[in-house]
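Subject: Structure for your review

Hello,

Here is the structure I said I would pass on. My notes on it follow below.

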Amino acid sequence: MSGDLVTRAQLAMLAETLGVPTERIRHLERLGAEHLRALRERISEQLFDEQAATFARMSRLAPLVPNGLVAKVSQSIVPPLVAGRAAGALGVDHPGRAKGVLADLSPQYMADCAPYLDQRTVAVLAPSIPPNLLIPAANELMKRRAYVTASWFLDYATPEALLDLEAGIPDKAGLLHTTSLVQSTERLNQIIRLLPTERVAVIVRTAIGSPELLTAGLSLLARLAPELTADLGDLLFEELDADGLTEVLRTVVGQGAVVELLVVAAAVREDALRRIAADPYLTDPATVDRFLAEAAEHDEWDGLLRVAEYLPDALAGRVTEGAERARAKAS
């Protein structure tokens with residue numbers, strides 16, 4: 001499991017909820033992904049529950065104000081933080097009006113407000129909002145690299161909306177970042193199975209574009225069901241020439257994504273494994289030692305042992321002995 005990268009993603013989400021730089025709460029990374037998620041959800045719910053009485057009073061007034069006036073006044077004088085926090089509660093109480101108000105809001109203002117929505121109300125509202133209203137705001141979030149916020153809507157969008165969103169977002173690199181941040185592994189697999197294979201392939205291939213994209217791509221692949229990881233992992237490695245593969249392996253080590261690569265290696269097919277095992281960077285004993293250390297720390301041996309089947313005998317023996325020692329120590 002891609003524990004380290006998922007933990008980093010949860011830390012980024014918590015920082016966004018608190019409105020602070022990620023570095024300021026870096027010490028909380030030791031809590032792990034699940035505990036960080038639980039902490040973030042509790043803080044978010046507390047922030048909104050404290051304002052429940054205020055939202056209730058606003059909700060009683062809402063039917064008296066026309067949609068167009070709500071939109072005009074909001075964009076003119078209501079700060080995005082206030083509008084975002086109130087919008088979710090009002091939308092749940094008056095679901096029939098949400099589409100009308102959103103239709104009169106600019107994509108920029110919707111993107112301004114989106115980070116301040118209560119995620120519990122996103123779950124209620126997202127399935128009912130037409131994609132033609134979401135896509136302009138989604139593209140604005142991509143432009144701002146607000147991938148954490150955008151991922152909330154993927155968590156709850158209907159299958160039809162997901163297909164429309166993917167088709168309507170030309171920034172496939174941004175879509176890769178966003179999809180990799182989907183919180184539920186089950187939901188992530190549903191999304192990948194829903195999208196046509198050729199469209200997923202375009203998204204996955206963008207992972208080669210930069211170290212940041214590769215990290216997101218490997219995190220996504222490592223969380224998929226093995227057959228999906230195999231198909232998409234093979235596609236990714238097919239895109240790489242020899243120099244490109246070496247650069248990917250260097251990036252994996254530099255970005256702390258060795259475990260994710262090992263999870264992918266446990267699923268991909270023979271051709272990809274042979275190429276990985278033949279790479280001169282990987283066959284450097286220092287690199288092998290780094291992979292051994294990561295596999296031992298995270299108890300993630302299947303991928304490394306599969307690669308070892310195609311390594312030179314001396315290095316293969318080194319991996320096998322390392323795995324046996326680690327497993328004996330663990331037992």
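Which element gives the largest share of the lining of the second largest pocket? The answer is α1, with eight residues. Please keep in mind that this is a predicted model.

The second largest pocket has a volume of about 500 Å³. Its lining is made up of 24 residues, and A9, H177, S180, L181 and A216 are the closest to the centre. Two or more lining residues come from each of α1 (3-18), α10 (147-156), α12 (172-180) and α15 (211-222). Sorted by class, the lining holds 12 nonpolar, seven polar and five charged residues.

Next, helix α22. This helix runs over residues 313-330, and its 18 residues should span 26 Å at 1.5 Å a residue. Buried in α22 are L315, A316, V319, G322 and A323. These residues lie on the same side of the helix, because they cover an arc of only 130° around the axis. In general, an α-helix has 3.6 residues a turn, so residues three or four places apart point the same way. The buried residues of α22 are covered by elements including α20 (285-298) and α21 (302-308). D313, A314, E324, R325, A328 and K329, on the other side of α22, are exposed.

Last, a single residue. E140 sits in helix α9 (residues 131-143). Its relative accessibility is 11%, and the cut-off for buried is under 20%, so E140 counts as buried. Beyond its neighbours within four places in sequence, E140 contacts P107, Q108 and A111.

Regards

Definitions and conventions
Residues numbered from 1 in each chain as written. Predicted model: local features only at pLDDT ≥ 70, side-chain atom pairs only at ≥ 80, totals over all residues. Heavy atoms only, no water. Helix = DSSP H or I, 4+ residues; strand = E, 2+ residues; numbered from the N terminus. Buried < 20%, exposed > 50% of the residue type's maximum accessible area, 1.4 Å probe, protein only. Contact = heavy atoms within 4.5 Å. 1 Å grid on protein atoms, 1.4 Å probe; cavity = no way out; pocket = protein on both sides within 12 Å on 5 of 7 lines; lining within 4 Å. Points joined across faces, edges and corners; volume = space filled by probe spheres on them. Nonpolar A, V, L, I, M, F, W, Y, C, P; charged D, E, K, R; others polar. Expected span 1.5 Å × (residues − 1). Arc of directions from axis to C-beta.
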